[in-house]
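Please work through the exercises below with the sequence and the model side by side. Each task is followed by a solution that goes step by step.

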Amino acid sequence: MLSPTPTRWDCQKEADMGSVPITKVRAQLRRVIDDDSYTPHCVPIGPYHQSRSSQWIDKRKQCSAGFLQSLSEEHTVGGLTGVMEKLEPLARECYTSGDGFGNMTPEQSASMLLHDACYLLLFFVGYVSGNGAPPAPADDDERLVNRNTLVRDTVFLLENQIPFFLLQAIHERVTGGTTSVLDYMAMPIQELLQMQLFISRKPRQTPPTCSHLLHLVQAYLRPTLLPAESTALSSDAVTGRWRRAVEYRRYANVQLMRRVYQDDVESSVLDVQLERGRLWIPRLRITSNTWTILRNLMALEEQAHRRPVTAYCLFMSQLACTAEDVQLLRRAGIVDHFLGNDEQVSKDFAGLCNRVVMEVDDLERNYLKPMWHQLEKRCDSRAQRFMGWFRHGHNWEITAAFLVALIVIACQLTQTFYAITGGGR
């Protein structure tokens, strides 16, 4: 069983932890991947997709704003009146792609942001007033919307985010205090990621700063394992493509093993590690939203210096690019999918990183660079290639003939030894 020494990425070294703009996804990515991966299905948040709103979600947002207005009046004179108008100019600066707000006046954009923020707060924070909880939805349309769809739209889409400082301003007026709204929203996000097997069940501290919900998700997914000192490489070491899973098994004599989360250890799905010929990979549970989540995280990381999710996606997309590879990983418990067949999953893996660009030779960006070189060294070893061929090669006739030849040689040597020793007497 793998017993790694967990370490933490130093968040203070991340200059982009404090403020990350909310941008649109590059057009090159949209042309390769269907636009659906970056577009909300039911709940538009922020200015980029307001045209996709519907009557029932507008009604829910108005209801949420009305409830929090009445709740804030219990603690603050005037409630939420004027709070968003003061922050609207700063909020505009966060949406940096194109003409995000279109022709909306400051009053219209402030109203939109207020309704979106109130809806989002009530979705994750259980506010209760003296008159009880917020009213339950009465529209039949909302009952038909799956909660997974609401979570997908509000948490995992890069273009569908709202700055945390807007949520914080409303939260302070609603509660009448100075508690951090990030602390309230971090726990349900942790539980969501734990349920989807992206992180272990050990509770985590809330990051000191985050810009929006997807940024919070990325903070929790950071790898907790760093390369060992013995894997340090020179800066001019060239890194190439990853090999397929079946190739690492056959040519590098590597066992592909599922890394099981321990409840008392912080771990994430990015904690991939090579140890004594065993490649430990946490289980990746593939659902209908997995590709959307990973693609949006990669798009977010294009604004960051460190890009761990992108490095992981490049690794998995090249490791599992054929049905044979997916079958091997599935049998090892590393890939767990609910899609039609292994062929479809392999196609999805192969297309996951199309048009994604990353400096794979930069260790600060590609945390898996040392492991690539370790695996290549094993592939270049004649001894490892022979052992891998012997253990995992599929040419059973040659293997059987080789074993028979070894037995015959052993018998001849034994016969010769006894003939010589017998003759000596």
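**Overall picture**

Of the 425 residues in the protein, 50% are buried, where buried means under 20% relative accessible area, exposed means over 50% and partly exposed lies in between, with a 1.4 Å probe and protein chains only. This is a predicted model, in which local features need pLDDT of at least 70 and side-chain atom pairs count only at pLDDT 80 or more, while totals for chains, interfaces and linings use all residues. Residues are numbered from 1 along each chain as its sequence is written, and side-chain values use heavy atoms, with hydrogens and water left out.

**Exercise 1. State how many helices and strands the protein has, and what share of its contacts join residues at least 24 apart.**

Step 1: The protein has 17 helices and five strands, these being DSSP runs (H or I for helices, at least four residues; E for strands, at least two) numbered from the N terminus.

Step 2: Take the contacts, meaning heavy atoms within 4.5 Å, between residues at least 6 apart in sequence; 76% of these join residues at least 24 apart.

**Exercise 2. Explain why C313 is in no disulfide.**

Step 1: A disulfide is a pair of cysteine sulfur atoms within 2.5 Å, and by this rule the count comes to zero.

Step 2: C313 is in no disulfide, its nearest cysteine sulfur being that of C353, 5.2 Å away; this separation is too far for a bond.

Step 3: C313 is buried at a relative accessible area of 1%, and C353 counts as buried at 11%.

**Exercise 3. Repeat the helix check for α7, and find what covers its buried residues.**

Step 1: Helix α7 runs over residues 164-175, and its twelve residues should span 16 Å at 1.5 Å a residue, which agrees with the 16 Å between its end C-alpha atoms.

Step 2: Because nine of the twelve residues of α7 are buried, the helix is largely enclosed by the rest of the structure. The buried residues include F164, I170, H171 and R173.

Step 3: The cover over these buried residues includes α2 (55-72), α3 (83-94), α4, α8 and α9.

Step 4: Just after α7, G176 takes a positive phi of about 70°.

**Exercise 4. Find where L197 and N253 lie, and what phi each one has.**

Step 1: L197 lies in the loop between α8 and α9, and although L197 is not a glycine, its phi is positive, at about 65°.

Step 2: N253 is placed in the loop between α10 and β1 (255-259), and its phi, near 55°, is a positive value in a residue other than glycine.

Step 3: N253 is buried, with a relative accessible area of 9%.

**Exercise 5. Identify which residues D342 touches, and whether D342 is buried or exposed.**

Step 1: D342 lies in helix α14 (residues 342-350).

Step 2: With a relative accessible area of 12%, D342 is buried.

Step 3: Not counting residues up to four places away in sequence, D342 touches A323, V326, Q327, R330 and H337.

Note on methods: Expected span 1.5 Å × (residues − 1).
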